[in-house]
Amino acid sequence: MISLTATVADTRRVAAGVTLLRLHAPDIALACRPGQFVMARGSDGCDPYLRRALPIFTASNPFIALLVRADEPGRRWLAHQGVGQPIDLLGPLGQGFVLTPTTRHLLLVAEGMGVAALGAIAAVAAEKGIAVTLLAGAPSAGAALPADILPIDVEYQLATADGCRGAKGGV
């Protein structure tokens with residue numbers, strides 16, 4: 001586990017209330033595996049006190065990217081940090097995913113923000129020439145994550161509960 005102060009390199013709003021933060025965190029980017037997460041401090045003070053667990057969406061040295069839903073004070077603070085701002089991180093944590101040498105097709109399924117934990121495995125698998133399909137569900141078109149945050153080789157199939165985009169219903 002590494003403790004470091006990352007720097008916000010880029011931010012992008014990708015859905016209603018969801019920000020993609022790209023952080024300069026070379027030590028974590030080098031050490032992480034798909035499916036791992038970081039613990040991020042959600043303020044520059046003591047409130048809120050506890051760190052927030054955030055899956056590493058992608059890692060490409062020297063950067064990691066996090067999908068942050070601004071739905072509570074700590075994550076809201078994180079989502080609103082601008083370029084150049086420091087973010088206190090601990091990580092990478094967790095076991096991560098393992099692709100076996102015989103894997104040829106990878107089916108990933110996630111509802112809502114569960115997609116945040118699958119971006120890195122989708123990218124690694126696509127780089128290895130593995131056929132990747134991601135089935136994602138969202139309550140509405142506004143809450144759905146855009147396909148362009150995934151590698152171009154990943155087949156992205158969306159289902160929305162209201163049927164405004166993609167298939168109607170849940171994943």
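Predicted model: local features only at pLDDT ≥ 70, side-chain atom pairs only at ≥ 80, totals over all residues.
Six of them, 6 strands in the order 1-2-5-4-3-6, close into a barrel, and they pair in antiparallel fashion. From one strand to the next, the twist averages 45 degrees.

Next, the charged side chains. Side chains of opposite charge can pair when their charged atoms come close. Across the whole structure, a search finds 6 salt bridges. I will go through some of them.

D148 and R12 meet through their side chains in a salt bridge, at 2.8 Å from N to O. This pair ties together distant parts of the chain, 136 residues apart: D148 lies in the loop between strand 8 (131–138) and strand 9 (154–160), while R12 belongs to strand 1, residues 2–15. How open are the two ends? D148 has a relative accessible area of 53%, so it is exposed. R12, at 31%, is partly exposed.

The second example is E72 with R52, a salt bridge at 2.7 Å, N to O. Is E72 buried or exposed? E72 is buried, because its relative accessible area is 16%, under the 20% cut-off. R52 is buried as well, at 14%.

E72 also forms a salt bridge with R75, where the closest N and O atoms are 3.8 Å apart. R75 is partly exposed, with a relative accessible area of 22%. Put together, a network of salt bridges links R52, D71, E72 and R75.

Now the cysteines. A disulfide is a covalent bond between the sulfur atoms of two cysteines. How many disulfides does the structure hold? The count is 0. As for individual cysteines, C32 counts as buried because its relative accessibility is 15%, whereas C164 is exposed at 59%.

Last, the surface. L107, V109 and V171 form a nonpolar patch there, and together they have about 270 Å² of accessible area. One of these residues, V109, is placed in strand 7, residues 105–111. V109 has a relative accessibility of 48%, so it counts as partly exposed.

That is where I will stop.

Terms used: Residues numbered from 1 in each chain as written. Heavy atoms only, no water. Patch = residues over 30% accessible without salt bridge, like charges linked within 9 Å, V, L, I, M, F, W, Y side chains within 5 Å. Areas by Shrake-Rupley, 256 points an atom, 1.4 Å probe, with all protein chains shown as cover. Salt bridge = Lys/Arg side-chain N within 4 Å of Asp/Glu carboxyl O. Helix = DSSP H or I, 4+ residues; strand = E, 2+ residues; numbered from the N terminus. Buried < 20%, exposed > 50% of the residue type's maximum accessible area, 1.4 Å probe, protein only. Pairing = 2+ DSSP bridges. Axes fitted to C-alpha atoms, helices over the stretch in contact; angles between N-to-C directions. Disulfide = S-S within 2.5 Å.
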